[in-house]
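This report looks at contacts, ring pairs, charged pairs and annotated spans in one structure. Please read it alongside the sequence and the coordinates.

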Amino acid sequence: MSNSRPRGRPLLRTSYAEDLALLDTPAKRWWTAALLVLALSLPFLLTDDLLQLLAVCCVAAIGAIGLGLVTGYAGQVSLGHAFFLGIGAYTAAGLSGDPDGRVIGLGVTDIALWLPAAGLVAALAGVLVAPLATRLRGLYLAIVTLGLVFIGQHVFNEWSALTGGAGVGRPAATLEFLGRPLAVTDAVATRDQKLYWLMLVLLLVFAVAARNLARSRIGRAFTAIRDRDIAAGVIGVNLPRYKTVAFAVSSFYAGCAGALLYTVTGFFDPGSFSLLLSVQYIAMVLIGGAGTISGAIAGAFFITLLPRLTRELQAWVPFVSTQPNEVPNVFQVETILYGVLIIVFLIFEPRGLFGLWIRARNYWKAWPFSY
């Protein structure tokens, strides 16, 4: 019997492979190819300062995907993402730092070594925290993970031999591959162009890996736990194992994102991993769309680009200051916007930006009919 699809039936599935395909329609394949071409060509169209901002967006999206796996897919509310980002950042910085410098450094400058190491150390921390997820859920789990942020801030502030101390900080991890510096300007491309391409490629790798995980048996177990964990346990889903896997994978992504996050600016301090950073990542997942990889990416870009937009407020609203010691200022407006946007999306569009895209797509597919 032939497996060829009948004409005029583009969404008809004739095999499990077609139903589980990553890009299961021609439209998705064409749009994905177009977006990739556009993303790869942006360094030739934008200035270096915008490319640097987009590189940060790509790294933030990696961390948001990790939080989306444990919160959006597995349903385990975590407010401690900044803690795992900090572990990854300091692991990478410690490994690649100068052995003769003022802070701990081992001189392992190759990104192929310190990036996986940062993710694995953060994943180990996630595994140690995971047993709490098997005993707690909902608000109780959120409060426990929130405590990790304050524990991390205390450790980072006090362990000055590694972190440089509060208000002092240390250099970020060194970007080298096989002994060749990646973040330098040469005849081929500028530093910011190379950074953007590197972060974009890493985002694609992490996004595809997360999407494949979500389509696998592990991803289906995550979804079952999120929707009804008691029923999932009854039908044979090993709750402790899969909750541990969810925290480990999420922490791995956070560790890698933390290792890369400050390589763009080149410097960071313990104050970078505050509660506000965790709130920003929660906002990325909720505003982008919980339980979707593309939603996490969209939310990360939206929240990361938001400060750039608020900096322009003074031109439109003169009483909003750009000085942090004056009230009101743009930094206060940013913090308020995070909360307002979360509330608005949860009330009016719980599926976030991804939900808005679904509405627009369905309207276009049904046009001119309203049903």
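## Surroundings of Ser 250

Leaving out neighbours within four places in sequence, Ser 250 is in contact (heavy atoms within 4.5 Å) with Gly 66, Leu 67, Val 70 and His 81. Ser 250 belongs to helix α10, residues 239-261, where helices (H or I, at least four residues) and strands (E, at least two) are DSSP runs numbered from the N terminus. With a relative accessibility of 4%, Ser 250 counts as buried; buried means under 20% relative accessible area, exposed over 50% and partly exposed in between, with a 1.4 Å probe and protein chains only.

## Basis of the values

The model is a predicted one, in which local features need pLDDT of at least 70 and side-chain atom pairs count only at pLDDT 80 or more, while totals for chains, interfaces and linings use all residues. Residues are numbered from 1 along each chain as its sequence is written, and side-chain values use heavy atoms, with hydrogens and water left out.

## Aromatic pairs

The whole structure contains 11 aromatic pairs, a pair being rings of Phe, Tyr and Trp (its six-membered ring) with centres within 6.5 Å, counted as stacked when the planes are under 30 degrees apart, edge-to-face when over 60 and tilted for the rest. One of them is the tilted pair of Phe 44 and Trp 197, with 5.7 Å centre to centre and 55° between the planes. Phe 44 lies in the loop between α2 (26-41) and α3 (48-73) and Trp 197 in helix α8 (residues 191-215), so this pair ties together parts that are 153 residues apart in sequence. Phe 44 is exposed, at a relative accessible area of 61%, whereas Trp 197 is partly exposed, at 24%.

Tyr 90 and Phe 268 have ring centres 4.9 Å apart and planes at 50°, so this pair is tilted. It links distant parts of the chain, 178 residues apart, with Tyr 90 in helix α4 (residues 81-96) and Phe 268 in strand β4 (residues 267-268). Tyr 90 is buried at 3% relative accessibility, and Phe 268 is buried at 3%. Tyr 90 and Phe 268 belong to one aromatic cluster with Phe 156, Tyr 262 and Phe 273.

As for helix α4, 16 of its 16 residues are buried. Its 16 residues reach 23 Å from first C-alpha to last, close to the expected 22 Å, the expected span being 1.5 Å times one less than the number of residues.

## Salt bridges

There are five salt bridges, each defined as a side-chain nitrogen of Lys or Arg within 4 Å of a carboxyl oxygen of Asp or Glu. Among them, Arg 308 and Asp 49 meet at 3.4 Å, N to O, and this pair joins helix α12 to helix α3 across 259 residues of sequence. Arg 308 is partly exposed at 35% relative accessible area, and Asp 49 is partly exposed at 43%.

Glu 349, Arg 351 and Arg 359 are linked in a network of salt bridges, including the bridge between Arg 351 and Glu 349 at 3.9 Å, N to O.

## Annotated spans

The unreviewed UniProt entry lists residues 30-46 and 195-214 among those it marks as "transmembrane region"; such annotations, given in the numbering used here with shortened feature names, may be inferred rather than shown by experiment. In the model, residues 30-46 are 71% helix and 0% strand, with end C-alpha atoms 24 Å apart, while residues 195-214 are 100% helix and 0% strand, with end C-alpha atoms 28 Å apart.
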